[in-house]
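Subject: Handover of a structure

Dear colleague,

Please look through the sequence and the model first, and then read the notes that come after them.

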Amino acid sequence: MGVGGSGPVTCNDCVQQAQTQGTCQPQIQECVQNPDCQALLTCQNNCADKTCVDGCKQQHPKGVPGYDGILYCLGCVACGTQCVNDVPPGFCQMPPPPGG
């Protein structure tokens, strides 16, 4: 499953692996248990662009820390190399979000 020698080659492959194999499970579980974070995830899953995602964050501001914790874990920790071009510029240089 990619964990051995070569690892996942794309950001999506790495993210999928990190979600299913547990690397970011604490952050995902924290979000799932928070109704605001869950609502933010549901909202942004229906988005096709950054404007929509930003609108979701404005609608569910209390969910942003949990969402950012998942994004930080997936995009900076578990898949930093594969997803370097898929996270907001400078996001991985910031301190991890609380709980992230």
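Predicted model: local features only at pLDDT ≥ 70, side-chain atom pairs only at ≥ 80, totals over all residues.

Residues are numbered from 1 along each chain as its sequence is written, and side-chain values use heavy atoms, with hydrogens and water left out.

The average pLDDT of the chain (the predictor's confidence in each residue, from 0 to 100) is 85, and 87% of the residues score at least 70. Over residues 1–5, however, the pLDDT is below 50, and this stretch has 7 contacts (heavy atoms within 4.5 Å) beyond near neighbours in sequence.

The structure contains 7 disulfides, each defined as a pair of cysteine sulfur atoms within 2.5 Å. Three of these pairs are described here.

The torsion about its S-S bond is about 100 degrees, so the disulfide of Cys11 and Cys83 is right-handed. Cys11 lies in helix H1 (residues 11–21) and Cys83 in the segment after helix H5 (64–78), so the pair ties together parts that are 72 residues apart in sequence. Helices here are DSSP runs (H or I, at least four residues), numbered from the N terminus. Cys11 and Cys83 are both buried, that is, under 20% relative accessible area, where over 50% is exposed and in between is partly exposed (1.4 Å probe, protein chains only).

Cys31 and Cys37 form another disulfide, with their sulfur atoms 1.8 Å apart. Its S-S torsion is -95 degrees, and the link is left-handed.

A disulfide also joins Cys43 to Cys56, S to S 2.0 Å. It links distant parts of the chain, with Cys43 in helix H3 (residues 35–45) and Cys56 in helix H4 (residues 50–59), 13 residues apart. Cys43 is buried at a relative accessible area of 18%, and Cys56 is buried at 1%.

Helix H2 (residues 25–32) and H5 pack at an angle of about 160 degrees, with their axes 9 Å apart. Axes are lines fitted to C-alpha atoms, for helices over the stretch in contact, and angles run from 0 to 180 degrees between N-to-C directions. Gln27, Ile28 and Cys31 in H2 meet Gly66, Gly69, Ile70 and Cys73 in H5.

Conventions
Helix = DSSP H or I, 4+ residues; strand = E, 2+ residues; numbered from the N terminus.
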